[in-house]
Amino acid sequence: MRILFAVAVLAVVAPATYAVKVANRDSSSHDILLKCSTTTHTSIGASSTRDVGNGPCTVTVKKTGSSATASGDATLTIKDGKVSAGK
């Protein structure tokens with residue numbers, strides 16, 4: 001009974017948090033337009049990954065105009081200047 005109570009308390013105290021990630025798989029950095037709760041002009045370095053927000057978030061690669069949207073714990077991946085959504 002104590003274990004069940006501890007699990008219930010832990011679930012309430014530490015709810016799962018999700019963050020959309022952007023992963024740049026290119027060997028060069030990209031300027032991006034990031035739209036989550038606000039719109040931000042930023043960049044992502046070569047071969048790097050970063051959390052961007054709780055979502056839904058839309059990332060647009062400025063040079064190519066490629067964009068994709070994700071939410072939850074999904075990752076938006078940039079490869080060859082194009083962004084795609086995936087888990």
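Trainee: In which sense do strand 7 and strand 8 pair, and over how many bridges?

Mentor: Strand 7, made up of residues 75–79, pairs with strand 8 in the antiparallel sense, and five bridges connect the two. For a spot to look at, find Ile78: Val83 of strand 8 stands opposite. Keep in mind that you're looking at a predicted model.

Trainee: Which sheet do these strands belong to, and what is the strand order?

Mentor: To read a sheet, go across it from strand to strand. Here you have an open sheet of four strands, in the order 4-1-7-8, and the pairing is mixed. Strand 4 (48–53) and strand 8 (82–86) are the edge strands, each pairing on one side only. Neighbouring strands of the sheet are turned by 25° against each other on average, if you ignore direction.

Trainee: Let's take strand 1. How does it pair with strand 4, and how with strand 7?

Mentor: With strand 4, strand 1 pairs in the antiparallel sense over five bridges. With strand 7, strand 1 pairs in the parallel sense over four bridges. You can check both sides on screen: Ala23 stands opposite Thr49 in strand 4, while Lys21 has Thr75 of strand 7 as its bridge partner.

Trainee: Which residue forms a salt bridge with Lys21?

Mentor: Asp51 does, and the closest N and O atoms of the pair are 2.8 Å apart. To judge such a pair, look for a Lys or Arg side-chain nitrogen within 4 Å of a carboxyl oxygen of Asp or Glu. A search of the whole structure turns up one salt bridge.

Trainee: How many disulfides does a search of the whole structure find?

Mentor: One. The partners are Cys36 and Cys57, with 2.0 Å from S to S. The two cysteines come from distant parts of the chain, 21 residues apart: Cys36 is in the loop between strand 2 (30–35) and strand 3 (39–44), and Cys57 is in strand 5 (residues 57–61).

Trainee: Why is this disulfide right-handed?

Mentor: Look at the torsion about the S-S bond: for Cys36 and Cys57 it is about 120°, so the disulfide is right-handed.

Trainee: And are the two cysteines, Cys36 and Cys57, buried or partly exposed?

Mentor: Cys36 has 22% relative accessibility, so Cys36 counts as partly exposed. Cys57 has 0%, so Cys57 counts as buried.

Trainee: Which residues does Ala68 touch, leaving out those up to four places away in sequence?

Mentor: Among them are Cys57, Leu76 and Ala85. Ala68 lies in strand 6. Its relative accessibility is 11%, so Ala68 counts as buried. Now compare sequence with space: Ala68 and Ala85 are 17 residues apart in sequence, yet 6.0 Å apart in space from C-alpha to C-alpha.

Trainee: Where is Ser66, in a strand or a loop?

Mentor: Ser66 is in the loop between strand 5 and strand 6 (67–70). At 15% relative accessibility, Ser66 counts as buried because the cut-off is 20%. Ser66 touches several residues beyond four places away in sequence, including Val59, Val61, Lys82 and Val83.

Trainee: Let's zoom out. How many helices and strands does the protein chain have?

Mentor: One helix and eight strands. Of the 87 residues in the chain, 26% count as buried. For contacts with a separation of 6 or more, 45% involve residues 24 or more positions apart.

Trainee: What is the mean pLDDT of the chain?

Mentor: The mean pLDDT is 86, and 80% of the residues reach 70 or more. Residues 4–11 have a pLDDT below 50, and beyond near neighbours in sequence this stretch has zero contacts in the model.

Note on methods
Residues are numbered from 1 along each chain as its sequence is written. Side-chain values use heavy atoms; hydrogens and water are left out. Two strands pair if DSSP finds at least two bridges between them. Axes are lines fitted to C-alpha atoms, for helices over the stretch in contact, and angles run from 0 to 180 degrees between N-to-C directions. A disulfide is a pair of cysteine sulfur atoms within 2.5 Å. Buried means under 20% relative accessible area, exposed over 50%, partly exposed in between (1.4 Å probe, protein chains only). Contact means heavy atoms within 4.5 Å. pLDDT is the predictor's confidence in each residue, from 0 to 100.
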